[in-house]
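Have the viewer open as you read.

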Amino acid sequence: MTALNNILLRQIARLGPMTVSEFMAQCLYHPEHGYYTGANPLGTKGDFTTAPEISQMFGELVGLSLAQTWLDQGAPAPFCLAELGPGSGQLMSDILRVTKSVSGFTDALQLYLCEVNANLKAQQAERLPNPIWIRDTTELPDLPLFLIGNEFFDCLPINQYVAREDGWDEVIIAVKKGFLTFGRRPAGAIETELPKAPAGTIIELSPAANSIAQDIAKIIAKNGGCALIFDYSSLDGGDTLQALQQHRKVDPLYDVGASDLTAHVNFAALSDTLTGVQIAGPDPQGAFLERLGITHRAQQLAQNLSGKALESHIMAHRRLTHPDEMGQLFKAFAITAIGAPTPAGFQQ
Ligand code: SAH
């Protein structure tokens, strides 16, 4: 059992059961034992591998899409280029490299990063020029905002609700015979916000994700810009809470704080909470990357490769786009101001 496990057992004994979001917040962000506040979770040796770590093509195409949107909106200067959860800094470094060819973009940008992990901040500092770190999205500047977030929203704590015949229960974490266990209790006041649904239906909502998206939307509605958000979501709901350790699914209530805890992003619920902006997507990541010309870029890069390097490049292309890999489950989602042109990569 982890140290955090004992802390949570004591806390529940003292204060009673906790909601899934309280549990996730402790597992991910506990100041001493949280998954994201402690270890270095990224990379092939860590618990999961992300699109920008698989291939430079992801960041290049995302960067060009963002720069095209910037041009479409009249190349505002200065503007804020922001990333939520930049990890190793790979995605932003690919974006900054590829956008050097877009006249005026580099000179006009001010780089803002939102990151909780001290190790990752240090990696970002080494890789990226003069970033300003912010604690949360309330600290974003009052400028046109061009923002990206890859596998960031899936980290944010969710609450889970399960429909009964006559109302809704909320999922809680309780203690049974000295172990953490899932339980249920009547959902209470939030029931008025939940739809009528057949018994057994599960809905996941993330107040944290909604409020971050609202911060971003408010700035974009006022100053223009675009948020490009990538995350996994099957779009059909259900219980999507999962724990990953060394690329394998594990019990979310075991080894708490030592495994990565995530949930699918509920893009429909997220969109519903936003006003004064327009939404593109969620579109499958594979289709998004194809529309931006990933196959052409892959062929171009392949010309200089052979042997093992060529093989792994072909695999990387497949992993990013194939429906059986990240092409379908991962979604691209964009927020722009009302009336702005649809960002490149989305269905027009
Ligand atoms: N975008 C990167 C990393 C994804 S992992 C990539 O695609 O490779 C999630 C990232 O978000 C990590 O950098 C993690 O430390 C950071 N993170 C998670 N929750 C956060 C929060 N609430 N505030 C700021 N950063 C957070």
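## Ground rules

Helices (H or I, at least four residues) and strands (E, at least two) are DSSP runs, numbered from the N terminus. This is a predicted model, so to speak of local features pLDDT has to be at least 70, side-chain atom pairs count only at pLDDT 80 or more, and totals for chains, interfaces and linings use all residues. Residues are numbered from 1 along each chain as its sequence is written, and side-chain values use heavy atoms, with hydrogens and water left out.

## The whole chain

The protein chain has 12 helices and 15 strands. Its radius of gyration is 21 Å, close to the 20 Å that the globule rule gives for 348 residues, so the chain is as compact as a globular protein of that length. (That radius is taken over C-alpha atoms, and the rule is 2.2 Å times the number of residues to the power 0.38.) Along the principal axes, the C-alpha atoms fill a box of roughly 60 × 45 × 35 Å.

Of the 348 residues, 53% are buried; buried means under 20% relative accessible area, exposed over 50%, and partly exposed in between (1.4 Å probe, protein chains only). Contact means heavy atoms within 4.5 Å, and among contacts with a separation of 6 or more, 75% are between residues 24 or more positions apart. The accessible surface comes to about 15700 Å², with 52% of it belonging to carbon and sulfur atoms; areas come from the Shrake-Rupley method with a 1.4 Å probe, and for residues only the protein chains shown count as cover.

Start with α5 (residues 90-98): eight of its nine residues are buried, so the helix is largely enclosed by the rest of the structure. The buried ones are Gln 90, Leu 91, Met 92, Ser 93, Asp 94, Ile 95, Leu 96 and Val 98. They pack against α3 (51-54), α4 (56-72), β2 (79-84), β3 (109-114), α7 (118-127) and β5. Leu 109, found in strand β3, is buried at 16% relative accessible area. Beyond its neighbours within four places in sequence, Leu 109 is in contact with Phe 79, Leu 81 and Leu 96.

Helix α2 (residues 20-29) is mostly covered too, with seven of its 10 residues buried: Val 20, Ser 21, Phe 23, Met 24, Gln 26, Cys 27 and Leu 28. Their cover includes α1 (3-15), β1 (18-19), β6 (159-164), β7 (167-176), β8 (179-186) and β13 (260-262).

Asn 150 lies in strand β5 (residues 145-150) and is buried, with a relative accessible area of 7%. Leaving out residues up to four places away in sequence, Asn 150 touches Thr 50, Ala 51, Pro 52, Phe 58, Leu 84, Gly 85, Leu 91 and Phe 230.

Over in strand β15 (residues 330-337) you'll find Thr 336, which counts as buried at 3% relative accessibility.

Rings of Phe, Tyr and Trp (its six-membered ring) pair if their centres lie within 6.5 Å; planes under 30 degrees apart count as stacked, over 60 as edge-to-face and the rest as tilted. By this rule the count is 12 aromatic pairs. In one of them, Phe 152 and Phe 153 have ring centres 5.5 Å apart and planes at 85°, so the pair is edge-to-face. Both Phe 152 and Phe 153 are buried. Phe 58, Phe 230, Phe 288 and Phe 346 form one aromatic cluster.

Most residues other than glycine have a negative phi, and most peptide bonds are trans. The bond from Ala 77 to Pro 78 is cis, with omega near -5°, and Pro 78 sits in the loop between α4 and β2. The bond from Gly 281 to Pro 282 is also cis, with omega near 5°; Pro 282 lies in strand β14 (residues 277-284).

As for positive phi, Ala 75 has a value near 50°. Ala 75 is in the loop between α4 and β2 and is partly exposed, with a relative accessible area of 30%. Asn 130 has phi near 45° and is found in the loop between α7 and β4 (132-134). At 71% relative accessibility, Asn 130 counts as exposed.
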